[in-house]
Amino acid sequence: MQSIDQAGTFKLGGRTVKRIGYGAMQLAGPGVFGPPRDREAALAVLREAVAAGVDHIDTSDFYGPHVTNQLIREALAPYPRDLAIVTKIGARRGEDGSWLPAYEAGQLEQAVHDNLRNLGVAAIEVVNLRIMFSIHGPAEGSIAAPLKVLADLQRQGLVRHIGLSNVTAAQVEEGRDMVEIVCVQNQYNLAHRDDDPLVHALAEDGIAYVPFFPLGGFSPLQSATLSDVATRLTATPMQVALAWLLQRAPNILLIPGTSSVAHLHENLEAGSLVLPPEEVAALDGIA
Ligand SMILES: NC(=O)c1ccc[n+]([C@@H]2O[C@H](COP(=O)([O-])OP(=O)(O)OC[C@H]3O[C@@H](n4cnc5c(N)ncnc54)[C@H](OP(=O)(O)O)[C@@H]3O)[C@@H](O)[C@H]2O)c1
């Protein structure tokens, strides 16, 4: 059995996907802005991901902007039937590459149409409403108004399933009172564990939790403990960080981002890495 298959599967909206997927954000240019330095290399990563068994790709039309979705379409369309492409709306890019909120009804509608056009699909499998009430992470406040717009787009058949991103537990509850929420995508990794209670609450309700920055994001995780565990298990620190997430809760779906085919394979191989309890205890201490 391939490593990616050893990690198992979990429900994501109307499908069951493998627990290791791929996050496409790293494919745009520096700062997730503009075209990639090496377009062929970016296309190769996407093709290799699907060839290696990935059936869940996370993206957004504000990566680039537009660039990442256009790369996905060029590399992979016509898409394999079992490929779930998940996008997010709720932000836009300034001319200087800044990340700006974009929750007005017209902006959200435009964002869904931009994703449809650039991905070349008639409906999007899952759209995450990405909340940005604070630049420091999730912040309280009602999400009802933008979520209602997304729910209307779902009723029109443009969006199959809805998720939430960068949200608090209270916002997840508010959202679930309005529509079916199939996944939550928040920052979570070995060193950033604020969402521990939310991960487990969602697991009990069978809702996928998709950590962003699973490897630490723009500054990948570095820890002597992590390196020591990796050495003992003859693995790399990044593989250990991913294996820790897989063992943390059954509803965690991974979307590690990379612009490198070698790193892609390394990350998929984390699916066959089993962490013994004493190593999990050491890793738990990092946060
Ligand atoms: N909802 C949100 O607000 C939000 C925010 C951020 C990200 N996301 C999503 O989450 C996905 C994952 O996040 P991310 O890509 O920002 O961060 P990440 O997966 O935590 O880490 C990506 C970084 O790790 C490096 N890397 C990947 N595999 C590696 C390996 N095996 N060895 C060494 N370095 C490795 C990458 O560099 P190389 O390219 O050199 O491999 C890149 O610098 C994104 O692609 C995006 O889809 C969502």
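Predicted model: local features only at pLDDT ≥ 70, side-chain atom pairs only at ≥ 80, totals over all residues.
Reader: Where is Pro65 found?
Author: Pro65 sits in the loop between β4 (56-58) and α3. Residue numbers start from 1 along each chain as its sequence is written.

Reader: What kind of peptide bond joins Ala77 and Pro78?
Author: A cis one, with omega about -5°. Pro78 is in the loop between α3 and β5.

Reader: What makes something a helix or strand in these names?
Author: Both are DSSP runs, numbered from the N terminus: helices are H or I with at least four residues, strands E with at least two.

Reader: Which handedness has the crossing of α2 and α3, and what makes it so?
Author: The crossing is right-handed. That word applies if the near helix is turned clockwise from the far one by less than a right angle; anticlockwise is left-handed.

Reader: How do you know which residues of α2 and α3 make the contact?
Author: Contact requires C-beta atoms, placed from the backbone, within 7 Å. By that test, Ala42, Leu43, Leu46, Arg47 and Val50 of α2 meet Leu71, Ile72, Glu74, Ala75 and Leu76 of α3. The contact has 8 nonpolar, no polar and 2 charged residues. Nonpolar covers Ala, Val, Leu, Ile, Met, Phe, Trp, Tyr, Cys and Pro; charged covers Asp, Glu, Lys and Arg; the others, Gly among them, are polar.

Reader: What makes α5 and α6 oblique to each other?
Author: The axes of α5 (residues 144-155) and α6 (residues 169-178) cross at roughly 40° and come within 11 Å. The pair is therefore oblique. Its crossing is right-handed. Ala144, Leu147 and Ala151 in α5 meet Glu174, Gly175 and Met178 in α6. That contact counts 4 nonpolar, 1 polar and 1 charged residues.

Reader: What makes strands pair, and which order do the 7 strands of the open sheet have?
Author: Two strands pair if DSSP finds at least two bridges between them. The order is β3-β4-β5-β8-β9-β10-β11, with parallel pairing. β3 (22-23) and β11 (208-209) stand at the edges with a single partner strand each, so one side of each lacks a neighbour in the sheet.

Reader: How many bridges join β8 to β9?
Author: 6 bridges join β8 (residues 124-130) to β9 (residues 159-165). Val127 has Ile162 in β9 as its bridge partner. Helix α4 (residues 105-119) packs on the sheet, touching β5 (84-89), β8 and β9, at about 150° to the direction of β5. Helix α5 touches β8 and β9, at about 160° to the direction of β9.

Reader: Which residues come nearest the ligand?
Author: Gly23, Met25, Leu215, Gly257 and Thr258, of 27 around it. Near means a C-beta atom, placed from the backbone, within 6 Å. The shell divides into 10 nonpolar, 13 polar and 4 charged residues. Helix α10 (residues 261-268) gives the largest share, 3 residues.

Technical notes:
Axes fitted to C-alpha atoms, helices over the stretch in contact; angles between N-to-C directions. Parallel < 35°, antiparallel > 145°, perpendicular 65-115°, else oblique. Contact = placed C-beta atoms within 7 Å.
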